[in-house]
Amino acid sequence: MQVKSGMVSNRSLKKVVKELIDDVILEIKGIPDFLLIAFTSKYKRTDYKRALELLTQETGVKNLIGGTFPAIGVQNEVPTTQGGAAFTFKGSEIKVQRPIIYKNIRTKKKKFITEFPKIYNTTKAKSKIAFVLSTGPKLQPNAMEQLKLLDSYPAIRYQKMFNVLGSGLEWLLGKQGLGTGSYIDELLNYLAINNVSELIGGATFDIDLENNYQFVSDFIYSNSLVGTSFSSDTIKFGHSWTFDKSEKTKEYSITHKLKSGYIQKINGERANNKLLQIMDVPSDIYNEFFEKFSYANALYLSGIKEEDGNYHPFMTANHPKLKGVVSTLPPSKITEDPIKAELFTQSGLGIEKSAYECVNKAAEKITNPKFGIFINCANRLLIAGDKIAEENKKLAERLGDNVPFITLYSGCEFSIFSKKPKYTTVSIHGLVAGK
Amino acid sequence: MSSINRVKSELEDLLELEDVEAVVLFRIDGSVIESSFDNNYTSRKIRVLQWCKDNVPRVSQEMRGNNLQKVTYELSDTCILFFAIGKIGILTTLANNTANLSLLAVETKRKASTIENYM
């Protein structure tokens with residue numbers, strides 16, 4: 001089995017693609033069976049289109065899937081925020097399902113949840129896993145201003161009514177290609193019920209919450225889900241997830257919240273001020289720093305304890321315009337009762353450690369890894385900054401020096417493990433294939 | 001392509017990043033090896049560049065003395081990232097104060113490593 005991955009960093013996407021073709025894809029003898037292409041998110045749509053056309057023409061590859069991300073990493077390289085990466089393989093040991101596209105996935109879920117499980121279950125191979133990339137958070141520049149409505153007295157007093165209104169609003173935003181990534185939580189639950197037993201995926205994303213794109217072959221989409229699946233009788237697919245659980249600091253109770261994940265009150269008080277107070281962040285310093293930004297927020301990691309004793313991580317985003325707090329809690333985790341949450345710290349070392357934990361668990365039943373695909377939260381990249389290369393070194397340390405892998409820094413991460421869906425943020429999900 | 005043209009191309013890559021206003025490769029004594037600027041020459045930018053040039057010898061001495069790979073200065077309206085390039089150079093990136101310093105540092109580190117290979 002031939003596997004290659006590589007990365008090129010340059011302001012010109014044309015140059016990036018030419019080098020990826022010459023130095024990575026054409027290193028495979030024959031037409032690759034699978035090609036995952038990831039570009040960073042600040043190029044123009046027309047540039048992506050030309051790049052995909054060049055890729056398909058020059059390589060003849062049929063099973064091309066990909067998207068745009070704030071950053072991308074591969075083995076033995078410092079990740080890039082300006083360029084692209086290719087991950088490709090060829091060999092009879094893995095059968096690749098022809099990639100499929102589901103347009104307007106936020107509002108048209110039915111086709112995906114009925115069709116995809118059937119496609120996934122056509123093979124009876126010993127080991128199989130679906131691989132999905134879906135559109136991630138994209139919001140209007142004045143989104144924070146619009147959210148002010150959720151701080152109003154009626155929104156707090158009549159939560160059920162606002163949940164209905166909120167889902168209507170989400171649908172309308174979804175029609176315009178806007179919204180968060182939480183719709184994926186619902187999709188995963190449907191897939192798991194319909195016998196999709198193993199899946200790994202991530203959300204295409206732009207750090208400024210602007211356009212993100214998905215690719216299949218030489219087609220480019222902006223509000224869609226693209227998916228495929230790998231199956232094999234000889235190769236095993238191990239996968240896992242985790243997050244930086246460095247240190248738990250303080251507990252708090254989410255007493256008023258909406259299904260969208262918007263937290264109105266913590267411990268019975270307005271969530272924004274209360275959370276800052278719990279975190280010991282002086283509100284005047286915070287306001288001075290963040291008021292000039294339309295999007296930038298104080299982002300903090302929290303977790304809720306689940307029945308099995310593990311934590312479900314989520315991100316809270318404070319913004320001076322709001323009295324509440326935006327969170328990435330998925331709808332399935334929002335219960336009627338107050339939610340007990342705990343603040344977690346994040347650190348560069350914690351991020352490295354959790355990356356190793358993820359790859360180690362994914363590879364625990366594999367003695368001879370062939371490749372890895374990692375979906376890693378873009379927020380972890382922001383925490384680690386230029387130390388992010390250390391995280392990739394940890395992945396390489398466990399996989400082996402010459403094992404190709406790709407890391408996509410995504411808008412949210414998700415998996416299905418033995419029919420149990422897991423939609424998270426601030427996390428790393430990893431797939432390791434091997435014998 | 002000659003080494004200096006390759007270096008120039010890497011600096012131009014950095015200049016294309018959001019919020020980046022100028023990129024200069026200094027020798028540790030403060031002399032300019034290569035640079036790349038956007039076309040918007042403001043007195044503020046020229047003042048900050050002069051400040052960088054004057055301070056590179058001191059900053060590089062501090063970096064070498066304390067084994068630092070990166071030093072960041074956040075002035076009122078400008079952020080400056082200094083990355084050491086081997087023992088002879090300092091890659092200096094000027095960005096406006098809304099720049100995402102984490103993302104900028106990732107790419108600057110990458111470029112510093114590439115430029116070091118050219119030198």
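This short talk goes through parts of chain A and chain B in a predicted model.

First, the ground rules. Residues are numbered from 1 along each chain as its sequence is written, and chains are lettered from A and ligands numbered from 1 in the order in which they are written. Because the model is predicted, local features need pLDDT of at least 70 and side-chain atom pairs count only at pLDDT 80 or more, while totals for chains, interfaces and linings use all residues; side-chain values use heavy atoms, with hydrogens and water left out.

I begin with chain A and its domains. Chain A is divided into domain 1, made of 2-137, 180-242 and 349-434, and domain 2, which is 247-345; the bounds come from an automatic or database domain assignment. The C-alpha centres of these two domains of chain A lie 29 Å apart. Their contact (heavy atoms within 4.5 Å) takes 12 residues from domain 1 and 13 residues from domain 2.

Next, a sheet in chain A. Helices (H or I, at least four residues) and strands (E, at least two) are DSSP runs, numbered from the N terminus. Two strands pair if DSSP finds at least two bridges between them. Five strands of chain A form an open sheet with mixed pairing, in the order β4-β22-β21-β25-β13. Which are the edge strands? They are β4 (71-74) and β13 (236-243) of chain A, each pairing on one side only. From one strand to the next, the twist averages 15°. Axes are lines fitted to C-alpha atoms, for helices over the stretch in contact, and angles run from 0 to 180 degrees between N-to-C directions.

Helix α10 of chain A (residues 348-362) packs on this sheet and touches β13, β21 (369-377) and β25 (427-434). The direction of α10(A) makes about 155° with that of β13(A). Helix α12 of chain A (residues 388-399) lies across β4, β21, β22 and β25, at about 140° to β22(A).

One more strand in chain A is β18, residues 311-318. Are its residues mostly covered or uncovered? Mostly covered: eight of its eight residues are buried, where buried means under 20% relative accessible area, exposed over 50% and partly exposed in between, with a 1.4 Å probe and protein chains only. A:Tyr311, A:Pro313, A:Met315 and A:Ala317 point one way from β18(A), and A:His312, A:Phe314, A:Thr316 and A:Asn318 the other way. β18(A) pairs antiparallel with β19(A) (residues 326-327) over two bridges, with A:Ala317 opposite A:Val326.

Now chain B. Strand β5(B), residues 89-96, has eight of its eight residues buried. B:Gly89, B:Leu91, B:Thr93 and B:Ala95 point one way, and B:Ile90, B:Thr92, B:Leu94 and B:Asn96 the other. β5(B) pairs antiparallel with β1(B) (residues 20-27) over seven bridges, one of them involving B:Arg27 and B:Gly89. Eight bridges join β5(B) to β4(B) (residues 78-85), also antiparallel; B:Ile80 is partnered with B:Leu94. β4(B) and β5(B) form a hairpin with three residues between them, and B:Gly86 in the turn has a positive phi of about 55°.

Last, two helices. α1(B) (residues 3-15) and α3(B) (residues 101-118) pack at about 175°, with axes 10 Å apart. They are therefore roughly antiparallel; angles under 35 degrees count as roughly parallel, over 145 as roughly antiparallel, 65 to 115 as roughly perpendicular and the rest as oblique.
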